[in-house]
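Hi there,

Here is the structure I promised to send over. My notes follow below it.

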Amino acid sequence: MQIKEIIEATNGQLLSGDMEYDVNGFTQDTRKIESGNMYIPLVGENADGHQYIAQAFNLGASSIITAHKVHYPDKNVILVKDTLQAMSDMAKYLRMHRQVKVVGITGSVGKTSTKDMIYSVVSTKYKTLKTLGNYNNHIGLPLTILRLQNEEVMILEMGMNHLGEIEHLTQIALPDVAAITNIGTAHIGELGSREKILQAKMEIVNGLKSDGTLVINDDNDMLHTVNSKNYHMLRVGQNEDCDLKAINVELRLEDSYFDIDYQGQRYHVHVPVSGEHFVYNALIAIAIGLSLDIDMDLCVAGVEHFELTKNRMDMIELKENIKVIDGTYNANLDSMKSSLAVLAQYPKRKIAVLADMLELGEYEQALHEEVGSYVVEKNIDELLCVGEASCYIVEKAQSLGLKNAYHFEDNQALMTYLDEMLEPEDTILIKGSNGMHLKEVVEHLKERV
């Protein structure tokens, strides 16, 4: 992106530098600066990035945008009113002035794994850029777009905690294709109801191109109600009315299979991970691939070869064939149930180590109790919980007859118990919101390798 484009995008003032200079990369983190990059000093709660401008130049940065007048006559320096807004403006300008298709994805759960599967499908035909990790907010999404080089498709994940956040992101990304994985209960404490969550997720279509496509999981009760003539809709799932319908679904320990009838031909799809939620992810990825003119055969091959982002349901093998399913990245009702359904398939003793789901507000007790009921429904052998709200999981499971259901004061007490009770061929699911720090339990168990 040239300096003159950045000035046009931000309505900035060139204090020094070369209008024709072509910036080769952007970062707000001085630790990631490479020679020729533009440093973007953002102002946060605890630090002001403007304090690190000199350091950025010393590390090889060629250019900066800045909200303060600074004097570096041998560098490209652009004065803007607000660096965060300028970063969004740069990203939107780049998106609008480059020949690239954009896929936007949101949902209560499964955004990252679906993004990974879409990437695997789309990259069978096109040079593709995707959101790294969980760079899905007002900072991460613009930074992802600013990584664009010569890719033909961008896959952008969009997250939110409140109304209006996806509206902001979609107006930067302007997707050609949008997808909503599901409407669950994540952030229900902030938004107040699933209807409000649907409203927040549906903001993604406000930036959708006029001839764009919305892909939805039609089996989700809330998404099933969505109808519009303002854009093309593709419904996927196992419902009769779906445009892409999965039939003959077979869930195995390590992978999943299903069939699709499409244009008079049946296709057999292999998903290299287990769980019904991954079947829906695959359907969404295939629908997006087809909307981008990718042949069904390539879409199916893309699903088969997809790789999950690290820390999303990692399987860890310990000594004595003990398996640990690491679901510690985050948790809400839907992801808890999906993970427990995967655990339930294992033949030997099944142990669920669960912690609190956060940000549930007035729904906290009811949703934790629902997890407890599901633990019993899936015939989990042992339930171990930690965290204040997880008491509701234990109490509900005990009331439904699960004797081996225990609550622990802290992670240390839990780990001590695990050390004493683990047996060969056990399978352990460890899952809770990231703020519950269950990762330390996983790391403790890994020391047994």
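This is a predicted model: local features need pLDDT of at least 70, side-chain atom pairs count only at pLDDT 80 or more; totals for chains, interfaces and linings use all residues.

**Helix 14 and its neighbours**

Helix 14 passes helix 15 in a right-handed crossing (the near helix is turned clockwise from the far one by less than a right angle; helices, H or I with at least four residues, and strands, E with at least two, are DSSP runs numbered from the N terminus). From helix 14, the contact (heavy atoms within 4.5 Å) involves Asn411, Leu414, Met415, Leu418 and Asp419, and from helix 15 it involves Glu440, Val441, His444 and Leu445. By class, five of these residues are nonpolar, two polar and two charged (Ala, Val, Leu, Ile, Met, Phe, Trp, Tyr, Cys and Pro count as nonpolar, Asp, Glu, Lys and Arg as charged, and the others, Gly among them, as polar).

Residues are numbered from 1 along each chain as its sequence is written, and side-chain values use heavy atoms, leaving out hydrogens and water.

Now the sheet: it is open, with six strands in the order 15-16-20-17-18-19 and mixed pairing (two strands pair if DSSP finds at least two bridges between them). Strand 15 (314-317) and strand 19 (405-408) are the edges; each has a single partner strand, so one side of each lacks a neighbour in the sheet. Strand 17 (residues 350-355) runs parallel to strand 18 (residues 382-386), paired over five bridges. Valine 353 has leucine 384 of strand 18 as its bridge partner.

Happy browsing!
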